[in-house]
Number of protein chains: 2
Amino acid sequence: MALAVSPLAPERFPDIPVIPGVRFAAGCTGMRYRNRDDLMLAELAPGTTVAGVFTRSATASAPVLWCRASAKRGRGRAMVVNAGNANTFTGSRGAADVKTTAAAAAKLLGCAAADIFVSSTGIIGQRLPVETVVAALPGLQAQLDGKAWEAAARAITTTDTYPKGSTAQAKIGGVTVTIGGFAKGSGMIAPDMATMLAYVFTDAALPVRVLQQLLREGADRSFNSITVDSDTSTSDTLLLAATGKAGNKKITRAGDPALKDFRAKLDTVLLDLALQIVRDGEGAQKLITVRVNGAASSQAARKIGLSVANSPLVKTAVAAADANWGRIVAAVGKAGEKANRDRMKLGIGGILIARNGEPVTGYDEAPVTQHMKGRDVVIEIDVGVGKGRATVWGCDLTHGYIEINGSYRS
Amino acid sequence: MALAVSPLAPERFPDIPVIPGVRFAAGCTGMRYRNRDDLMLAELAPGTTVAGVFTRSATASAPVLWCRASAKRGRGRAMVVNAGNANTFTGSRGAADVKTTAAAAAKLLGCAAADIFVSSTGIIGQRLPVETVVAALPGLQAQLDGKAWEAAARAITTTDTYPKGSTAQAKIGGVTVTIGGFAKGSGMIAPDMATMLAYVFTDAALPVRVLQQLLREGADRSFNSITVDSDTSTSDTLLLAATGKAGNKKITRAGDPALKDFRAKLDTVLLDLALQIVRDGEGAQKLITVRVNGAASSQAARKIGLSVANSPLVKTAVAAADANWGRIVAAVGKAGEKANRDRMKLGIGGILIARNGEPVTGYDEAPVTQHMKGRDVVIEIDVGVGKGRATVWGCDLTHGYIEINGSYRS
């Protein structure tokens, strides 16, 4: 895919420190792409805890079902991720191919197959060339390197126009721990080529129950609050691995005050990765932030925000810098959540447009249009019902989206 | 709007017979458009029963709230519909403007204001020039004509590229009754310019409770089963008026066997109008029919069908005649309804593609691609769970949609 880099891309891939207990390698199987890596191996030290959040799709892929079972056990020794073939809708063969991959990696690392997390992203409905994956694993093992973050991030991309990484450091009871991770995705889904995958690592020592709660809550405020095209993937996977090498004090519950900083920094990394996915949204020229206040609950606020961020009419209006705010009102109305039409408040770019269910007196469209011509468009809505609030992020809908998704597969 | 007529348009507006008790007039107020009619008056004979189905939007327009109240009373003497201004998000003034319009029409016709149904479609958030509407009403009254179906249908359009009408005759206990109606809409919503409105008339004599049940059930299988862009309007309105002039035998319940033919013909008219809206979907080049079988219920089947018909990735694949059926699998998966991935069956254009959760042996893509190059694309899905079935209709997503909605308002 020779797509131009998104105009919303960050300047460069971040410098992510080595995280003790994690090493990466990337290689090329050629199963779909030429002249680029398409297979990633992440090795995790013995004792690493792993938490996961997965797609709720009823047609979830074989690798997702496998990972869900492994995440329940909560331990992991490696992750194997390939790009180009999603191993989805591949029947019993698909499940067998995941098992074969896991068994091969387990044999190399001397662990149980259940300790291997497997993800696949790419085209749906074609059998995974599993022999190619298995044959490539020993070579990858030989190259494992704690510094190979960017190579790993690149190897899992599909229609992405740039690799996505993020890092932060946090203190747990006086001990510094590092968080680092990478993600891929350019639509919530483009099932022949792209799905959302994210892998986050830390040297913190955290039991899996705590890790799982932190990840679930962080995912709700990041990956579950973004949208490119409203299409949810069959393969969405977010994994968080904690090697414990930092040697912080023992933590037994997610509510421990010692986790306050770690939780905040983890959320920062998750949100950074999630926003990098939106910023690489297929055809995206603008990032849209929708802040919803006054909803019945935070869940209701998020649903309203996603209804706005997913509305093709709002997205095309943003693309055109058209201050056509009636489309936002309609998108709020269709969300299926409570909104008090006659107490609603609406603004764009910090400029109040409507209040108490009608436009403000002397409303001037010019500064709103000016704001909408920029790369970052902020929509603020108060639905006048309660105290629920949420922020969601999306991107505009442009000819680029049609170009990318409406062309024959090559 | 100088849009080219949709390639999916019917050859011509149908010949709809005069329905005793119903007369129409159309006129030009110039509130938004030049050189075309934008105001429609439909006069109904005394004793006419009226049923209505309206948008579920939480930001429903002032006219919708007014009509909902009048439909509860179940009687009507006229409908007044303007195009170009939706009278939505206009605060207490909006409600007052509806009342002023209804009162003026009621005075002309010598009835109660509550007997007047008022609809508005067009831009959101601008005050309706109600004086212009009121001033035009006497001229319209003078022109009322039972044959003016097409003029009435044209007057209520916004971004529509053709007027939409339909008719049928049915027998009720040996008496022939006529059904005729028209609709407008080119997206489920394009709130600055287009919303879905439909008006259906019959000379059958039917009590309002029966009428309401027939309409609600028919709407579920027609208007509630179509989508252009997943955006639900603040103004969606469907009214059915029965003048009783046919003099059929007294009917007291919707389950009366004498209504079998009428119900079938009414459904035909509702579906014909609904499909004409999809065929005029903004930028549409192809009609997509999605047939879902094997769902947990008919509601679940409809939700799955709409998830497929609304998926931007499915819509762009259809636009490109790309047999990328993995996108359909993903759209089924995200619908939030039960689907048995390993028992799913999928076909396009009558060609079986996948069964038992994997592609059929020897699947040949060529005839599927050939089918998808046509104007009518049929997708069939069995989700392998139960006996629920539904059919929904949508259209493809093309550059034309972006052109129409992503340009500055003129």
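**Entry 1: two helices of chain A**

I began with H2(A) and H3(A), which are roughly parallel to each other, a label given to angles under 35 degrees. I looked up the numbers behind this: helix H2 (residues 91–109) and helix H3 (residues 130–143) of chain A pack at an angle of about 20°, with their axes 10 Å apart. Axes here are lines fitted to C-alpha atoms, for helices over the stretch in contact, and angles run from 0 to 180 degrees between N-to-C directions. Helices are DSSP runs of H or I with at least four residues, strands are runs of E with at least two, and both are numbered from the N terminus.

I noted that the contact (heavy atoms within 4.5 Å) includes Leu108(A) and Leu109(A) from H2(A) and Val133(A) and Leu137(A) from H3(A). Its residues divide into nine nonpolar, three polar and one charged; Ala, Val, Leu, Ile, Met, Phe, Trp, Tyr, Cys and Pro count as nonpolar, Asp, Glu, Lys and Arg as charged, and the others, Gly among them, as polar.

**Entry 2: what I am reading**

I remind myself that this is a predicted model, in which local features need pLDDT of at least 70 and side-chain atom pairs count only at pLDDT 80 or more, while totals for chains, interfaces and linings use all residues. Residues are numbered from 1 along each chain as its sequence is written, chains are lettered from A and ligands numbered from 1 in the order in which they are written, and side-chain values use heavy atoms, with hydrogens and water left out.

**Entry 3: Arg327(B)**

I found Arg327(B) in helix H9 (residues 326–333) of chain B, where it is buried, with a relative accessible area of 3%. Buried means under 20% relative accessible area, exposed over 50%, and partly exposed in between, with a 1.4 Å probe and protein chains only. I then followed the side chain of Arg327(B), which reaches the backbone oxygen of Asn405(A) at 2.9 Å.

**Entry 4: two positive phi values**

I kept in mind that most residues other than glycine have a negative phi. Phe89(B) has a positive phi, near 60°, and lies in the loop between strand E4 (78–85) and helix H2 (91–109) of chain B. Asn356(B) also has a positive phi, near 55°, and I located Asn356(B) in the loop between strand E12 (351–355) and strand E13 (358–359) of chain B. Is each buried or partly exposed? Phe89(B) is buried at 2% relative accessible area, whereas Asn356(B) is partly exposed at 48%.

Methods: Polar contact = N/O pair within 3.5 Å; in protein donor to acceptor, adjacent residues only side chain to side chain. Parallel < 35°, antiparallel > 145°, perpendicular 65-115°, else oblique.
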